[in-house]
Amino acid sequence: MRNGLKPDLIERVLGGKPKYTLSELEEKFPPRDLPDGAFVTRFAPSPTGFMHIGGLYQVLINSKLAQQSHGVFMLRIEDTDTKREVKDAVRIIVDSLAQFGLQYNNDEKYGPYYQSQRRDIYHSVAADLLARGLAYPCFLTAADMEEIRAKQSAAGFPTGIYGEFARDRDLTDDEIIAHLDKGEIPSIRLYSTGNPNQRIFCKDAVRGSISFPENNEDLVLIKSNDGLPTYHFAHLCDDHFMRTTHVVRGAEWLSSLPLHYQLFRMMGWTPPQYIHTSTLDTIDADTGKQRKLSKRHDPEANVANLLASGWPVAAVLEYLFNIIASGYEEAKLKGAVKNIWEYEFRPKKIPMSGALFDMKKLEWWAKENIATMSVSDLVNNVVAWAQKYGESMHIAQVKDVDYLTRVLSIERDNPKRIRKDFITWRQTLSEVAYFWDEFFTPNRDFEFNRDLLNEFLSTFNINDDKDTWWNKIVAIANTAGVKNGDVAMNLRVAITGRTNTPDLYSIMQVMGEKRVLSRVQGALK
RNA sequence: GCUCCCAUCGUCUAGCGGUCCAGGACAUCGGAUUCUCAUUCCGGCAACAUGGGUUCGAUUCCCAUUGGGAGUGCCA
């Protein structure tokens, strides 16, 4: 135990008088007035300039938890690492959430929501800890710590600032003043009284009770270089005063759980419920081993890329949600729920082991999603995508919305028999590119049967109904002594340049007489 | 090194001591669907990491081993 610091020393140590007392803060941020069982959750990214798929995964858990319990989901920006600031980073996060339709509700009463603007709160809490002798100013320099670390690893001790290695742990007031007089700016460290031979029991909502050795490290609470809090201290202050009930975060935080429990206990506050999520993984192409998706090496890990490729946002969400709540898929297939917002899930069911990101399954969700969408929704999505992300070809294709609509309507009338060859908006447009003369590529490899095509030309009438049209094809086949399919295939390749297409009759109807004739004539040249 | 987490078909998983020679979905492979492809339908292949316990009985509980992951920063 150490003595608490007097108010005037605290003021000097912190570089200013704390703005609030603890009870003032309690009053300023009262418990929320929410129905019983409402979850207060938050997504708390550090603005690094990317929105990672794992981040989206967490946003989804957070917002879904709030939504299904009639609670609140907040967005808090953890911009306490001034060295790694990236401009536009916040905009990217906010935009991504908006595009996925994931809304947050940042009630001003509990703000501000940028940690860099909450300095007064952190310093006020730190002052309390300092006054009670549960924290102390530490004047160790980076070089000092490096030296300590080197000694520790040479001797086989765990590294870190703890016990006998915490040089400034028991500085007297006079010693502190001496440092201060030299112009040194301290960091504020936790005065840990944890005993690593003792165990602390923590709770994780999906894993249950987990025990760890008690923390004995004097971790930094307030950094000396900018006076901002570390993650641990910000988490303590923010999630308490924002009245967060459930903290959803990556499994990399699991090992700091004892520290966080320790901090909450010191303040006499109730810790939130913790939900530590596992990672979204991939198989590394070089090593063949499973590893976390990385935005650097895996383009699909970057949400911006997903959007730019034109993945249907609802499908991406459904894919991720099915990992979170594996019962969703079956409920949806059975028709019990229409979308993820209707399906209630239990935090306990969130998987605890890392899931491989399965592109094939995402594709399946996307195909299902597009196939069950109305034609007008399909068209709207494609047009919106082309306008925002499309290249000149895509933009040209969405110019005549009427024609595009007819192209995309093919074989969509029977709900049980809708084609599933559209996956992304980009791929949809390239899939149907042959409908536009400027993007049509004649097939030069196919050996056309000229007689069949000529015969077709002489009997073709765009106004024929489907049966009449087909009967003519059968007639041509009979006369020529070939299979019906041979006639159809010659036509198909002449008109579309491809051997695989949707229903030929529908294609011809959409293309119109002129286009059909010119393409067949083109094939005959 | 130390600490912690995890372990069912190729993938995501259901399973919470007997109903499991393990169920679903994706992928894959066959077959059917009066033009290709797609769709739809039917069918097939395919898993409880290993070794000890506990129990009348273990996929389910406990321990060890192995394997994978995370943490060990004045980064979050």
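How many nonpolar, polar and charged residues does the lining of the largest pocket have? By class, this lining has 14 nonpolar, 14 polar and 10 charged residues, where Ala, Val, Leu, Ile, Met, Phe, Trp, Tyr, Cys and Pro count as nonpolar, Asp, Glu, Lys and Arg as charged, and the others, Gly among them, as polar.

## Basis of the model

This is a predicted model, in which local features need pLDDT of at least 70 and side-chain atom pairs count only at pLDDT 80 or more, while totals for chains, interfaces and linings use all residues. Residues are numbered from 1 along each chain as its sequence is written, chains are lettered from A and ligands numbered from 1 in the order in which they are written, and side-chain values use heavy atoms, with hydrogens and water left out.

Chain A is divided into domain 1 (7–22 + 120–277), domain 2 (282–370), domain 3 (373–439) and domain 4 (450–524), with bounds that come from an automatic or database domain assignment. Taken over C-alpha atoms, the centres of domain 2 and domain 4 are separated by 42 Å.

Three cavities of 30 Å³ or more are found in a search of the whole structure, a cavity being a set of points where a 1.4 Å probe fits but cannot get out. The largest holds about 130 Å³ of space, and of the 14 residues that line this cavity, Arg419, Asp421, Phe422, Val432 and Pro502 are the closest to its centre. Its lining has nine nonpolar, no polar and five charged residues.

The second largest cavity has a volume of about 40 Å³, and its lining includes Phe456, Trp469 and Ile476. The largest share of that lining, four residues, comes from α19.

## Packing of α20 and α21

The axes of helix α20 (residues 484–496) and helix α21 (residues 504–511) come within 11 Å and cross at roughly 35°. Here helices are DSSP runs (H or I, at least four residues) numbered from the N terminus, and axes are lines fitted to C-alpha atoms over the stretch in contact, with angles running from 0 to 180 degrees between N-to-C directions.

Definitions and conventions
Helix = DSSP H or I, 4+ residues; strand = E, 2+ residues; numbered from the N terminus. 1 Å grid on protein atoms, 1.4 Å probe; cavity = no way out; pocket = protein on both sides within 12 Å on 5 of 7 lines; lining within 4 Å. Points joined across faces, edges and corners; volume = space filled by probe spheres on them.
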